[in-house]
Every structure is written in C-alpha cells, then in structure tokens.
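Visitor: I would like to learn how to read a few features of a protein model, taking them one at a time. Could you show me how, with the structure in view?

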Amino acid sequence: MRTPFIAGNWKMNMTAESGKKLIEELKPLVKDANCKVALCVPAILIPAMTEAAKGSNIEIGAENVHWAEKGAYTGEISCTMLKEYGVKYAIIGHSERRQYFGETDEGVNKRTLAALAGGITPIVCVGETLEERESGVTEKVLDRQLEVGLKGIKDITNVVIAYEPVWAIGTGKTATDEQAQETIAYIRKKIGEIFCPKCAEKVIIQYGGSMNAANCKGLMAQPDIDGGLIGGASLKLDFATIVNYDK
Ligand code: PEP
C-alpha cells in the first residue's frame with residue numbers, strides 16, 4: 001500500500017563533475033527499482049543534476065527550503081526557485097541543520113508548510129540524540145518534534161518522515177532492525193494521534209542513519225520502515241544496491 005522511497009542526501013559533498021558522473025553511473029543500475037528514488041543535492045548542483053538525471057527514474061531534491069517566497073533572507077532558497085528546476089523533494093529539519101545552524105521545531109514547521117504550499121514534498125527529519133535515548137526520553141523528543149514540526153498540516157499523507165537517530169548519522173552505528181522498527185512504529189502511532197490513524201497508515205516513514213548496502217535488506221524488511229534517507233552511501237554506487245534492496 002505504501003510505495004517504498006529511497007532518497008540520498010549528498011550534504012555538502014560532490015561537484016558538478018563528480019555528481020554528473022555518479023548519476024550517469026547510477027542510472028542504468030537503478031532503472032528497474034521497485035521504489036521511488038531521489039537524490040537531495042546541494043542547491044548549487046540542482047540545475048546540473050536535474051539535467052544529468054533527465055529521462056531516468058532518479059528525482060532531484062533539495063537539502064532545505066525557506067518558508068518565504070522571496071525577500072531578505074541571505075543564503076536561503078525558496079520553493080519558487082527550487083520548482084523552477086523541477087525539484088520534487090526537500091529535506092527539512094535534518095539533525096545537522098538543527099545541531100549546527102540553529103534549526104528549531106518552529107522553523108521546521110514553517111519550512112514544511114511552505115514546501116507543501118509550493119508543491120514540494122517535504123522529507124521531515126526527526127530523531128533523538130544518544131543522550132536522549134540513554135536517558136529514556138526518545139518518545140518525548142519525537143512527540144515534540146512531530147507535534148510542533150507538523151502543526152497545521154492539512155494532509156499529512158503529502159509529507160515524508162525520516163526517522164534519523166542522531167547517534168546513527170554518519171557514525172557507522174546503525175540502529176538495529178528492531179530499534180528502528182520499534183521507533184518508527186511509535187512515530188506512526190503518534191502521527192495517527194495527531195492526525196488520524198488511517199492517514200498514518202499511508203505516510204511514508206524512512207529510516208536514516210548509516211544505512212548501507214549490507215544492512216538495508218534487514219531494515220527494509222521491517223513492516224513500518226518504508227525507505228531510507230541515505231547520507232554517506234549515496235555518494236557511491238552502493239546507493240544502487242540500497243535502491244535494489246529487494247532483488
Ligand atoms: C543523513 O545524512 O541523513 C544520513 C542518514 O547520513 P548517513 O547515512 O551517512 O548516516
């Protein structure tokens with residue numbers, strides 16, 4: 001009922017040249033995928049990567065989007081600008097944005113509402129730090145991130161959620177299949193409470209955090225895990241192996 005969705009997050013990596021080369025190599029490898037495939041790339045690479053991915057099943061996404069349509073927001077990018085290049089997705093509230101750039105749940109909410117209004121599917125990231133998990137407040141943290149971050153959304157089925165435990169991102173330390181399943185099932189239940197249980201059943205929830213070619217099968221076999229948000233492994237051909245997790 002839910003179409004799996006694997007998205008890459010290039011973060012601040014790649015150049016126009018290396019990005020184009022990777023996309024050219026990935027195209028034939030992912031063309032028969034049974035899931036949706038996207039690469040979220042640095043803003044400056046969007047035009048070139050859109051061109052490189054043309055005619056393939058790889059869709060291009062952004063790594064952030066601002067809430068205003070235009071104005072005095074130095075360094076930010078609007079939905080209108082992204083749409084001009086056919087951008088389909090935007091990551092919002094990634095833990096690195098929260099950790100290094102002061103992103104708040106309120107900001108996540110404003111960006112998410114703007115993305116939806118502008119026709120871009122937001123990939124909203126939530127997840128607890130190691131300290132929060134160890135002190136037993138994971139659910140409390142997720143409750144806050146979901147309640148505030150998703151406030152005022154009319155149709156939650158237009159939003160993709162990425163559960164990314166901060167302690168697993170870029171650390172090589174993946175959540176176990178069971179940990180990821182348990183927490184994502186909790187997120188789905190919470191979305192059901194905030195919106196409606198029927199809608200929650202339709203929401204795509206990805207796992208993110210050191211997902212790779214070796215562990216993707218086990219994670220994707222979990223009933224509530226509908227895909228992955230892939231950092232490091234999306235910078236290489238391993239991304240194709242993850243996309244083809246079911247083969
Ligand atoms: C991410 O950037 O969203 C991520 C999950 O990174 P990594 O796969 O490298 O842990």
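Visitor: How many cavities of 30 Å³ or more does the structure hold?

Guide: A cavity is a place where a probe fits but cannot get out. In this predicted model, the structure holds one cavity of 30 Å³ or more, and about 30 Å³ of space lies in the largest cavity.

Visitor: Which residues line the largest cavity?

Guide: The lining is made up of Gly93, Ser95, Arg98, Cys125, Val126, Gly127, Glu164 and Val166. Two or more of the lining residues come from helix 4 (95–101), and two or more come from strand 5 (121–126).

Visitor: In what order do the eight strands close into a barrel?

Guide: Strands are said to pair when there are at least two bridges between them. Here the eight strands close into a barrel in the order 1-2-3-4-5-6-7-8, with parallel pairing, and the twist from one strand to the next averages 25 degrees. As one case, strand 7 (residues 204–208) pairs with strand 8 (residues 227–230) in the parallel sense over two bridges, and Tyr207 stands opposite Gly228 in strand 8. Helix 8 packs on the sheet, where it touches strand 5, strand 6 (160–163) and strand 7, and its direction makes about 145 degrees with that of strand 7.

Visitor: Is Lys190 buried or exposed?

Guide: Buried means under 20% relative accessible area, and Lys190 counts as buried because its relative accessibility is 9%. Lys190 has its place in helix 8 (residues 177–194), and, not counting residues up to four places away in sequence, Lys190 touches Asp143, Leu146 and Glu147.

Methods
Residues numbered from 1 in each chain as written. Predicted model: local features only at pLDDT ≥ 70, side-chain atom pairs only at ≥ 80, totals over all residues. Heavy atoms only, no water. Helix = DSSP H or I, 4+ residues; strand = E, 2+ residues; numbered from the N terminus. Buried < 20%, exposed > 50% of the residue type's maximum accessible area, 1.4 Å probe, protein only. Contact = heavy atoms within 4.5 Å. 1 Å grid on protein atoms, 1.4 Å probe; cavity = no way out; pocket = protein on both sides within 12 Å on 5 of 7 lines; lining within 4 Å. Points joined across faces, edges and corners; volume = space filled by probe spheres on them. Axes fitted to C-alpha atoms, helices over the stretch in contact; angles between N-to-C directions.
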